[in-house]
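Me: I am new to this structure and would like to know the grounds for the terms used about it. Please take them one at a time.

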Amino acid sequence: MYSRGIIVIIVVCLIASVAISQPLPPIPDTDYKLIDNFSYSSQKAAKLWKPMRNSGPASLVNIGGRKALRLPCNFYGTKIERVSWDRAVKLDMTLCRGVQFLFYCPDNAPISSFNIFFRSGNGWYGGRFDAHVSAGWNTVKVDKKATAIEGRPAGWSRVDTIRISAWRGRDRDTEFYIASLGLFGTGGNIVIVRGDSAAQIKPANAKTITQYTDVMANFLDRSGLDYQIISDLDIDAQRLKDKKLVILPYNPGMPDNIAEQIANYIRIGGKLIACYILPKRLQAAVGIKTGTHVREEYKGYFASIRPSIRPLPGIPDITLQNSWNICRASAVEGRGRVGAWWYDNKGVSTGKPAFVVSDNCIFLTHVMLSDDPTHKLPLLLAMIGNLCPDLWRQAAQGRIDRIGRFGAYIDYQETVRGIRRLAGSDRPVLTALTMADGFRRRSLESLKVGDFPEAVVGAEKAHQYLTDAYCLAQKPLSNEYRAFWCSDALGVAGMTWDETIRRLAENGFTTILPNMLWGGVAYYNSNMLPVASEVREKGDQIELCLAACKKYDVQCHVWKVNYNMGSHSPKEFVSKMKLLGRTQVGFDGSANDRWLCPSHPENQRLEVESMLEVARKYDVHGLHFDYIRYPGKDGCFCKGCRRRFEKTIGRPVRNWPADLRSNSNLNKKWLDFRRRQINAVVAAVSGRAKKIRPGIQISAAVFNNWPVHRDSIGQDWKLWCESGWLDFVCPMDYTDSNSRFQRMIEQQLDWAGNVPCYPGIGLTTWPDPADIVRLIEQINITRGLNTGGFTIFNYGPTEANDILPHLGKGITRKLP
């Protein structure tokens with residue numbers, strides 16, 4: 001028996017280190033500017049690339065006379081969440097698009113994700129990259145547009161540290177290699193200014209600022225126009241010199257000194273596109289005045305942009321955009337005019353300018369959203385072409401070159417061949433391909449004669465028909481769970497619940513998960529939670545949704561946001577919870593007033609009873625947990641948590657809360673205590689709901705990495721599956737990386753065991769939330785792994801009007 005145990009240990013260790021024994025492929029040549037070519041010794045590499053806590057030392061390997069950095073990931077037999085290495089640098093990344101490097105990982109399964117961070121001042125810019133399955137080296141590019149802001153970075157000109165991190169995925173060792181670390185994208189006539197200064201002042205703005213910067217950059221990528229993203233902290237006259245156009249996608253609270261630099265650029269002939277906010281110091285320079293903000297009078301009030309009687313060349317007749325408020329604007333007399341107006345969803349003009357045009361500026365009265373991309377790109381190019389006519393040709397040629405460049409296809413011809421293979425003799429697909437070819441030919445003719453706006457329009461139509469052909473070529477699957485989360489308790493904006501559900505049903509979807517209650521508000525006639533004012537005005541939303549679901553044979557699983565009271569809970573209720581000691585306190589003693597403490601008995605009772613109330617009052621198909629967790633490691637350390645924890649362990653904690661982290665034995669008990677608070681609510685709802693309404697299904701939206709998140713947020717969803725508390729689980733696999741998406745699901749299927757696992761696809765969270773091809777690819781990944789279904793986030797106007805019809809053409813088409 002002893003010898004057999006030794007053999008098992010040896011075998012397991014060999015499996016855990018299998019990646020290390022594989023020979024390394026040769027490093028390919030590169031021709032870009034390098035930050036680090038790793039031309040030093042392993043001893044120096046270990047000093048330059050300093051490992052963080054629990055990370056092994058970096059080293060160098062020599063492959064055919066070229067060197068690469070080796071970074072070990074020693075996850076086997078440990079609870080290490082991530083490994084990281086820091087490299088001190090002195091780097092100005094202002095005038096580049098981002099970093100690139102060669103990457104090789106012989107076994108990427110043990111790693112859930114990779115990050116690269118850039119420290120600047122008192123903060124970081126953080127980007128994500130992925131390890132594609134490959135027998136050789138891959139080129140990885142991390143674009144500045146896709147980086148998130150953490151803390152208070154001082155701009156891209158002051159990068160002093162590069163950090164590379166790998167996050168735990170499985171209990172197995174691996175390693176990865178990096179070579180030829182350098183920069184990319186050092187040209188371009190257009191500058192997109194990201195409002196990092198506003199993110200410093202108000203960190204909550206960082207996500208929104210990044211989002212709208214990203215939208216603008218994605219549209220320029222589709223046109224092939226070269227650009228650079230520059231932090232407003234790095235703006236100066238030298239960096240704007242020779243640039244043809246500056247774009248402000250969303251720049252709240254721009255400091256006067258930065259606005260003055262841009263104003264000086266404009267005074268010497270520069271051009272500007274600004275969205276939603278036009279700093280006062282720029283208004284005189286561009287001849288446009290802004291005023292107060294205007295909220296929508298009703299849902300669908302700001303629904304489309306339509307040209308004025310003096311349209312810009314190339315502007316579409318109608319561009320859809322579901323905006324919710326705008327900024328009043330007008331041109332200084334003699335300097336400009338209204339270029340387009342806002343119309344509502346019934347096609348009636350609101351009489352409010354959508355954008356104002358002057359001789360050197362176009363001001364869009366709201367941010368540019370990613371909806372209606374087929375018309376949004378020509379709209380943006382019409383603006384750019386009006387200010388910088390010499391960019392029209394480049395944009396037209398770039399758009400033609402990019403027709404059909406989606407998914408795994410790299411050019412038009414390859415796309416056509418790929419779709420033909422999928423379609424066979426399917427007539428609708430072949431017809432769409434014929435239409436695409438016709439519009440592409442027209443686009444090329446327009447380019448030849450110098451009609452660049454028409455060339456762009458033709459290229460957009462050709463791309464649209466190719467996309468249609470791709471969607472039509474997909475095949476539906478029978479008996480598949482197909483669901484959308486709907487975060488708006490009122491349904492899709494501008495639609496009734498009847499219309500919202502009808503569109504789902506017509507396009508082959510089986511299930512809706514509507515968000516009907518939070519920690520502190522309900523959108524139905526509740527006796528447990530404060531009732532939202534919308535219920536008095538518009539009716540009980542569960543009743544309305546459920547009636548539509550029964551009419552169209554769609555399942556309704558009511559979604560509750562647990563513990564988090566959100567922004568819509570009445571202020572008096574939030575204040576009452578805080579006064580009663582029922583809200584969370586962070587590790588540092590800071591108040592988290594919008595989160596209820598999960599260990600408080602009354603909060604647990606409120607969570608359980610509010611969900612059971614839904615089961616009692618409504619004939620719903622299921623109850624769906626969300627936010628059934630702690631917000632992070634720093635919650636909750638309130639006085640009540642201390643009393644309840646000390647009672648559990650039978651002794652006082654002398655140094656609260658520091659001992660919970662410094663004492664490993666206490667830390668283990670503390671993490672278990674947190675998990676038990678969450679487990680108790682899940683178990684109680686599951687057991688009691690099924691007695692109240694036999695056949696009801698209990699499900700949960702959960703974080704994707706169970707071994708890590710059971711400790712970090714107290715979410716032990718593998719136990720919930722094993723205990724039979726859940727009937728299905730929806731891990732939130734919100735990534736636009738297909739390989740990472742697949743790796744996550746492969747692990748989650750093991751953790752879920754016999755419980756169906758319907759992966760969450762984060763469409764709305766992607767850099768391009770209208771990427772129908774990537775959505776189809778991820779649905780096909782779920783099919784390849786036999787999950788039996790999928791859940792998409794989030795069901796809104798873009799999804800109802802554009803995404804659903806494309807899915808319904810093929811991959812979710814209703815079968816007879």
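Reply: A salt bridge is a side-chain nitrogen of Lys or Arg within 4 Å of a carboxyl oxygen of Asp or Glu. The model here is predicted, and it holds 48 salt bridges.

Me: Why is the pairing of R172 and D107 called a salt bridge?

Reply: The N to O distance between the side chains of R172 and D107 is 3.0 Å. The cut-off is 4 Å, so the pair qualifies as a salt bridge. R172 sits in the loop between strand 11 (159-168) and strand 12 (174-184), and D107 in the loop between strand 6 (98-104) and strand 7 (111-120). The two are 65 residues apart.

Me: How do you know whether D107 is buried or exposed?

Reply: D107 has 12% relative accessibility. Buried means under 20%, so D107 counts as buried.

Me: What makes D160 and R119 a salt bridge, and which parts of the chain does the pair tie together?

Reply: The closest N and O atoms of D160 and R119 are 2.9 Å apart, and the limit is 4 Å. D160 belongs to strand 11 and R119 to strand 7, so the bridge ties together parts that are 41 residues apart in sequence.

Me: Why are D160 and R119 called partly exposed?

Reply: The values are 27% for D160 and 33% for R119.

Me: Which residues are linked in a network of salt bridges?

Reply: R97, D143, K145 and D221 are linked in this way.

Me: Why is helix 4 called roughly perpendicular to helix 8?

Reply: The axes of helix 4 (residues 206-223) and helix 8 (residues 373-387) cross at roughly 85°. Angles from 65 to 115 degrees count as roughly perpendicular, so the term applies to helix 4 and helix 8. The axes come within 10 Å. On helix 4 the contact is made by M216, F219, L220, R222 and S223. On helix 8 it is made by P373, K376, L377, L380, L381 and I384. These residues divide into 8 nonpolar, 1 polar and 2 charged.

Me: What is D372 called, buried or exposed, and what is it in contact with?

Reply: D372 has a relative accessible area of 16%, under the 20% limit, so it is buried. Its place is in the loop between strand 23 (361-364) and helix 8. Leaving aside neighbours within four places in sequence, D372 is in contact with I318, T319 and L320. The C-alpha atoms of D372 and I318 are separated by 10.0 Å, while the two residues are 54 residues apart along the chain.

Me: What makes E537 and D242 count as exposed?

Reply: Exposed means over 50%. E537, in helix 14 (residues 533-538), has 60% relative accessibility and so counts as exposed. D242, in the loop between helix 5 (237-240) and strand 15 (245-248), has 65% and therefore also counts as exposed. D242 has a positive phi of about 75° although it is not a glycine.

Me: Why is Y627 called partly exposed?

Reply: Y627 has a relative accessible area of 26%, between 20% and 50%, so it is partly exposed. Y627 lies in the loop between strand 29 (622-626) and helix 18. Its phi is near 55°, a positive value in a residue other than glycine.

Me: Which residues touch the most other members of the largest nonpolar core?

Reply: In that core of 178 residues, they are F355, I512, L623, W720, L775 and L807. A second, separate core has 75 residues, including I164, I209, Y265 and V286.

Conventions: Residues are numbered from 1 along each chain as its sequence is written. This is a predicted model: local features need pLDDT of at least 70, side-chain atom pairs count only at pLDDT 80 or more; totals for chains, interfaces and linings use all residues. Side-chain values use heavy atoms; hydrogens and water are left out. Axes are lines fitted to C-alpha atoms, for helices over the stretch in contact, and angles run from 0 to 180 degrees between N-to-C directions. Helices (H or I, at least four residues) and strands (E, at least two) are DSSP runs, numbered from the N terminus. Angles under 35 degrees count as roughly parallel, over 145 as roughly antiparallel, 65 to 115 as roughly perpendicular and the rest as oblique. Contact means heavy atoms within 4.5 Å. Ala, Val, Leu, Ile, Met, Phe, Trp, Tyr, Cys and Pro count as nonpolar, Asp, Glu, Lys and Arg as charged, and the others, Gly among them, as polar. Buried means under 20% relative accessible area, exposed over 50%, partly exposed in between (1.4 Å probe, protein chains only). A nonpolar core is a set of buried Ala, Val, Leu, Ile, Met, Phe, Trp, Tyr and Cys residues joined through side-chain atoms within 4.5 Å.
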